[in-house]
Amino acid sequence: MSTTASSPYASDASAVERRRSVIMVSSCTLISAAAQILMKIGMTHFTPNAMAIVTNVPLIAGYALYGVFCLMMILALRQGELSLIYPIISLAYVWVTVLSYFLFHDTIRPLKMAGILSIMVGVAMLGRGGRE
Amino acid sequence: MNGTPISSMAMVLGAAVVGSFGAVFLKLGAVRLTNIWSLLNWRLALGVGLYLGSSVFYGLGIRHGQLSVLFPMVSIGYVWTLLWARIFFHERFTQPKIMGLALVLIGCCLVGLGS
């Protein structure tokens, strides 16, 4: 384990860098939502058979997108604070709900709608308020 | 209305803890990135592994029981992560962070109840 004089975790990232990580994670959650939906589609015709899994395009595409999501998260975490970046991932719930509404014609109950609005306001607050 | 088995709750709460440690190791690995090859370090590998482990626990946990009970329990992972960020990375608790997180948690509970 290397020890350097200055801590690599010091929160001295500039406002620009912070904003960049917030934007990166926010857009990342769209990818994560797409991955979750593809996995869900893939799982509906899942059969425990090697050939069927290899040719299950939605499932494989879902996992591939999840890999992209992980990579982008790692890049965002380089500069951004963990306590700021991590809760923003909850935006994925918003996208999954909206996408399910359009793709699967799922109904959005008022409670769920209220929850989604609350998440969006919370994330907006995190995005704006990370500065001291 | 059927109850939610304790084992499901334990599994989902466990998934939240495991996932929050996944985030800690991803952060530990991410700050050490210098080039493309440094992506292959044990911290990132452990972080991704814990993440996958947490999704397995979560998948097993939600097989039985009600999502409206289990879903908000997953979001407790955000609180753990905030705590670890404070302890391990000396990140500050600022008012907007706490307010933002509180709104996210309330939102997750409502999404669970409305599912």
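Tutor: Let's start with how to read the model, then look at one helix and its surroundings.

This is a predicted model, so local features need pLDDT of at least 70 and side-chain atom pairs count only at pLDDT 80 or more, while totals for chains, interfaces and linings use all residues. Residues are numbered from 1 along each chain as its sequence is written, and chains are lettered from A and ligands numbered from 1 in the order in which they are written.

First, the setting. Chain A has 6 helices and 0 strands; here helices (H or I, at least four residues) and strands (E, at least two) are DSSP runs, numbered from the N terminus. Its elements run α-α-α-α-α-α from the N terminus on. Chain A has 132 residues, and 38% of them are buried. A residue is buried if 20 or more other C-beta atoms lie within 10 Å of its own, exposed if 12 or fewer, and partly exposed in between, with C-beta atoms placed from the backbone.

Now zoom in on α3 of chain A, residues 57–79. This helix has 23 residues and reaches 34 Å from its first C-alpha to its last, close to the 33 Å expected at 1.5 Å a residue. That expected span is 1.5 Å times one less than the number of residues.

Which residues of α3(A) are buried? They are Leu59(A), Gly62(A), Leu65(A), Tyr66(A), Phe69(A), Cys70(A), Met73(A), Ala76(A) and Leu77(A). What do they pack against? Within chain A, the partners are α1 (15–44), α2 (50–54) and α4 (82–88). From chain B, α1 (6–30) and α2 (42–61) join in.

Take α3(A) with α1(B). They pack at an angle of about 70°, with their axes 8 Å apart. Axes are lines fitted to C-alpha atoms, for helices over the stretch in contact, and angles run from 0 to 180 degrees between N-to-C directions. The two helices are therefore roughly perpendicular to each other; angles under 35 degrees count as roughly parallel, over 145 as roughly antiparallel, 65 to 115 as roughly perpendicular and the rest as oblique.

Who makes the contact? On α3(A) the residues are Met73(A), Ile74(A), Leu77(A) and Arg78(A), and on α1(B) they are Leu26(B), Lys27(B), Gly29(B) and Ala30(B). Two residues are in contact if their C-beta atoms, placed from the backbone, lie within 7 Å. Sorted by class, this contact has 5 nonpolar, 1 polar and 2 charged residues. For those classes, Ala, Val, Leu, Ile, Met, Phe, Trp, Tyr, Cys and Pro count as nonpolar, Asp, Glu, Lys and Arg as charged, and the others, Gly among them, as polar.

Finally, step over to the partner chain. Chain B has 5 helices and 0 strands, and 41% of its 115 residues count as buried. Its C-alpha trace spans about 55 × 35 × 20 Å along its principal axes. Leaving aside neighbours within four places in sequence, Tyr58(B) is in contact with Val12(B), Ala15(B) and Val74(B).
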